[in-house]
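Here's a predicted model to talk through, a few questions at a time. Take a look first, then we'll dig in.

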Amino acid sequence: MSEAGAKTVNLIVHGQKQLLEQVIDKLVAQGFQRSNMQAASLEKPGNKGEFVAMVWPPSAPKEIVVSEITGDRASESQDITIDLGASTSIGQNESYRISLQ
């Protein structure tokens, strides 16, 4: 995962800030660089080629879903579209899942 480790990872913890360090530690263990991690925001949810790491499900997270961003908007039916706000969405292809347990 050396190439992926050099890319930006946009973190989504659904307001559960107590999980942030645990998520970062799990991603570092998978080869991502801590210095390339940032909180996703409505203003900048991420760019094509970057990653999104999101705890799932939002209300009682059990895992981290890691996806590569495919564009600003989902353009293909197999893409997953994540709504981060009223009009902001990004197309993603799920790469894998990491257990929070």
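Q: What percentage of the residues in the protein is buried?
A: A quick note first: this is a predicted model, where local features need pLDDT of at least 70 and side-chain atom pairs count only at pLDDT 80 or more, while totals for chains, interfaces and linings use all residues. Residues are numbered from 1 along each chain as its sequence is written, and side-chain values use heavy atoms, with hydrogens and water left out. Buried means under 20% relative accessible area, exposed over 50% and partly exposed in between, with a 1.4 Å probe and protein chains only. Of the 101 residues in the protein, the buried share is 40%.

Q: Is Ile24 buried or exposed?
A: Ile24 sits in helix H2. Contact means heavy atoms within 4.5 Å, and, not counting residues up to four places away in sequence, Ile24 touches Leu11, Arg34 and Met37. Its relative accessibility is 10%, so Ile24 counts as buried.

Q: Which residues is Gln16 in contact with, leaving aside its neighbours within four places in sequence?
A: Gln16 belongs to the loop between E1 and helix H2 (20-29). Its relative accessible area is 16%, so Gln16 is buried. Its partners are Pro58, Ser59 and Pro61.

Q: What is phi of His14 near?
A: Most residues other than glycine have a negative phi, and most peptide bonds are trans. His14 lies in the loop between E1 and H2 and is partly exposed, with a relative accessible area of 33%. Its phi is positive, near 50 degrees.

Q: Which residues does a cis peptide bond join?
A: Look at the loop between E3 and E4, where Pro57 is found. With omega at about -10 degrees, the cis bond joins Trp56 and Pro57.

Q: Which residues lie nearest the centre of the largest pocket?
A: On a 1 Å grid over the protein atoms alone, a pocket is an open set of points where a 1.4 Å probe fits, with protein on both sides within 12 Å along at least five of seven lines; lining residues have an atom within 4 Å of a point. Strand E1 (9-12) and strand E2 (37-39) each supply at least two residues of the lining. The lining has 13 residues, and nearest the centre are Leu11, Ile12, Val13, Ala39 and Ala40.

Conventions. Helices (H or I, at least four residues) and strands (E, at least two) are DSSP runs, numbered from the N terminus.
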